[in-house]
Amino acid sequence: MQLCPDQLRPYDDCLYGFKGDQVEVRGHVELRTTLTDGTTSHTVNIMYLVVNAPSFYNLLLGWPPLNKIGAIASSRHMKMKLPSLEGTVIAMKSDQKEAKRCYENSLKIKRGVCAVTTQPPREEGVTRVKIARER
């Protein structure tokens, strides 16, 4: 997105990824965002978290901004509808081929597998847990 690091404001909360691991948050920035279907548009300020995480997606838009603009998203239909400022409905649809490519690439990321086994206790009432990690 070619943001200047000076534009980022500090963000102190923790963010966790889909696998449960902590994600490094570089900061947050509020950007004027225009959503359009090519004929009508809706522009609103949205706060974005900038993270350092490998992803095939450029942007994940969560429920707070979708609620702010009154959008209805359907993952089944790969569409999103929202009201324009003129009172018409903006219907945005995603590129199915691009979405499939992103999904397939996300499956190729190497993920760690954990196996948890318990061993008999050495002392009464104490259980030891052994965690084996594989790649």
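Which residues of H2 are buried? The answer is Cys102, Asn105 and Ser106, where buried means under 20% relative accessible area, exposed means over 50% and partly exposed lies in between (1.4 Å probe, protein chains only). The model is a predicted one, so to speak a computed picture, in which local features need pLDDT of at least 70, side-chain atom pairs count only at pLDDT 80 or more, and totals for chains, interfaces and linings use all residues. Residues are numbered from 1 along each chain as its sequence is written, and side-chain values use heavy atoms, with hydrogens and water left out.

Here is the overall layout. The protein has two helices and eight strands, and from the N terminus on they run β-β-β-α-β-β-β-α-β-β. Helices (H or I, at least four residues) and strands (E, at least two) are DSSP runs, numbered from the N terminus. Of the 135 residues, 17% count as buried.

Back to H2, then. This helix has 12 residues and spans 17 Å from its first C-alpha to its last, close to the 16 Å expected at 1.5 Å a residue; the expected span is 1.5 Å times one less than the number of residues. Looking down the axis of H2, its buried residues fall within an arc of 100°, so they line one face of the helix. That arc is taken from the directions from the helix axis to the C-beta atoms. An α-helix has 3.6 residues a turn, so residues three or four places apart point the same way. On the other side of H2, Gln96, Lys97 and Lys100 are exposed.

Next come the strands. Three of them form an open, antiparallel sheet in the order E1-E2-E3, with E1 (15-16) and E3 (41-52) as the edge strands, each pairing on one side only. Two strands pair if DSSP finds at least two bridges between them. E2 and E3 are joined by 12 bridges, and in one of these valine 25 has valine 51 of E3 as its partner. Leucine 31 also sits in E2 (residues 22-36), and it counts as buried because its relative accessibility is 18%. Its C-alpha atom is 8.3 Å from that of valine 44, which is 13 residues away along the chain.

Further along, E5 and E6 run antiparallel and share five bridges; leucine 82, for one, is the bridge partner of isoleucine 90 in E6. The two strands make a hairpin with five residues between them, and glycine 87 in the turn has a positive phi of about 95°. Most residues other than glycine have a negative phi. Methionine 78 has a positive phi of about 55° although it is not a glycine. This methionine 78 lies in the loop between E4 and E5 and, at 25% relative accessibility, counts as partly exposed.

Finally, there is the second largest pocket, with a volume of about 1,100 Å³. On a 1 Å grid over the protein atoms alone, a pocket is an open set of points where a 1.4 Å probe fits, with protein on both sides within 12 Å along at least five of seven lines, and lining residues have an atom within 4 Å of a point. Its lining has 24 residues, with Tyr57, Leu59, Leu61, Met80 and Ser94 nearest the centre. H2 gives the most to this lining, with four residues.

Key. Points joined across faces, edges and corners; volume = space filled by probe spheres on them.
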